[in-house]
Amino acid sequence: MGTIQHVTDADFEEKVLKSDKPVLVDFWAEWCRPCLMIAPVLEEIAQSQDKLQIVKLNIDENPATAAANRITSIPALNVYSGGEVVKQIIGAKPKSLLLNELSDYVG
């Protein structure tokens, strides 16, 4: 099954926008406690299915992509399909709620 990869300003377009399957981008930072809380949940989701690719983007290390995507609050989970944002989830949520919100992509 899937594993979580890290993306950067340099490879965001190639790995996310040009992906042939939906990609969930976890916009996060090391100082963000809610971001750290949902990290293991996202790992579990990534390992339990392969329809949705999950990647992480550190907003402190990659400010251009965060700004271009208007990320003002983290954790922000954006699902991209065909180069467009098709779903946005703001804030940490329990696994059951995340799976419910992502049911169109992981089901």
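Start by selecting Glu 30: leaving out residues up to four places away in sequence, Glu 30 touches Leu 36, Asn 58 and Glu 61. Keep in mind as you go that this is a predicted model. Glu 30 sits in the loop that runs between E2 and helix H2 (33-48). With a relative accessible area of 56%, Glu 30 is exposed.

**Next stop: the cysteines**

Select Cys 32 and Cys 35, which are joined by a disulfide with an S to S distance of 2.3 Å. The count for the structure is one disulfide. Which hand does the disulfide have? The torsion about the S-S bond of Cys 32 and Cys 35 is about 80°, so the disulfide is right-handed.

**On to the aromatic rings**

The structure holds two aromatic pairs. For one of them, show Phe 12 and Phe 27: their ring centres are 6.5 Å apart and the planes meet at 45°, so this pair is tilted. The pair links distant parts of the chain, with Phe 12 in helix H1 (residues 12-17) and Phe 27 in strand E2 (residues 23-28), 15 residues apart. Phe 12 and Phe 27 are both buried.

Phe 12 and Tyr 80 make an edge-to-face aromatic pair, at 5.6 Å centre to centre and with 85° between the planes. This pair also links distant parts of the chain: Phe 12 is in helix H1 and Tyr 80 in strand E4 (residues 76-81), 68 residues apart. Is Tyr 80 buried or exposed? Its relative accessibility is 2%, so Tyr 80 counts as buried. Phe 12 counts as buried too, at 5% relative accessibility. Together, Phe 12, Phe 27 and Tyr 80 form one aromatic cluster.

Setting aside neighbours within four places in sequence, Phe 12 is in contact with Val 7, Leu 17, Val 25, Phe 27, Leu 57, Thr 65, Asn 69 and Tyr 80.

Widen the view to the largest nonpolar core, which has 18 residues. Which members touch the most others? They are Phe 12, Val 16, Val 25, Phe 27, Leu 57, Ile 59 and Ile 74. Colour by secondary structure, and you can see that H1, E2, strand E3 (53-58) and E4 each supply at least two residues of this core. E2 gives the most, with four residues. A second, separate core has 16 residues, among them Leu 24, Ala 46, Ile 54 and Ile 89.

Select Trp 28 and Lys 56 and look down onto the ring. The charged end of Lys 56 sits over the ring of Trp 28, 4.7 Å from its centre.

Finish at Gln 53, which you will find in strand E3. At 17% relative accessibility, Gln 53 counts as buried, as the cut-off is under 20%. What surrounds Gln 53, leaving aside its neighbours within four places in sequence? Gln 53 is in contact with Gln 5, Lys 15, Ser 19, Lys 21, Pro 22, Val 23 and Leu 24.

Terms used: Residues are numbered from 1 along each chain as its sequence is written. This is a predicted model: local features need pLDDT of at least 70, side-chain atom pairs count only at pLDDT 80 or more; totals for chains, interfaces and linings use all residues. Side-chain values use heavy atoms; hydrogens and water are left out. A disulfide is a pair of cysteine sulfur atoms within 2.5 Å. Rings of Phe, Tyr and Trp (its six-membered ring) pair if their centres lie within 6.5 Å; planes under 30 degrees apart count as stacked, over 60 as edge-to-face and the rest as tilted. Buried means under 20% relative accessible area, exposed over 50%, partly exposed in between (1.4 Å probe, protein chains only). A charge sits over a ring if NZ of Lys or CZ of Arg is within 6 Å of the ring centre and within 35 degrees of the ring normal. A nonpolar core is a set of buried Ala, Val, Leu, Ile, Met, Phe, Trp, Tyr and Cys residues joined through side-chain atoms within 4.5 Å. Contact means heavy atoms within 4.5 Å.
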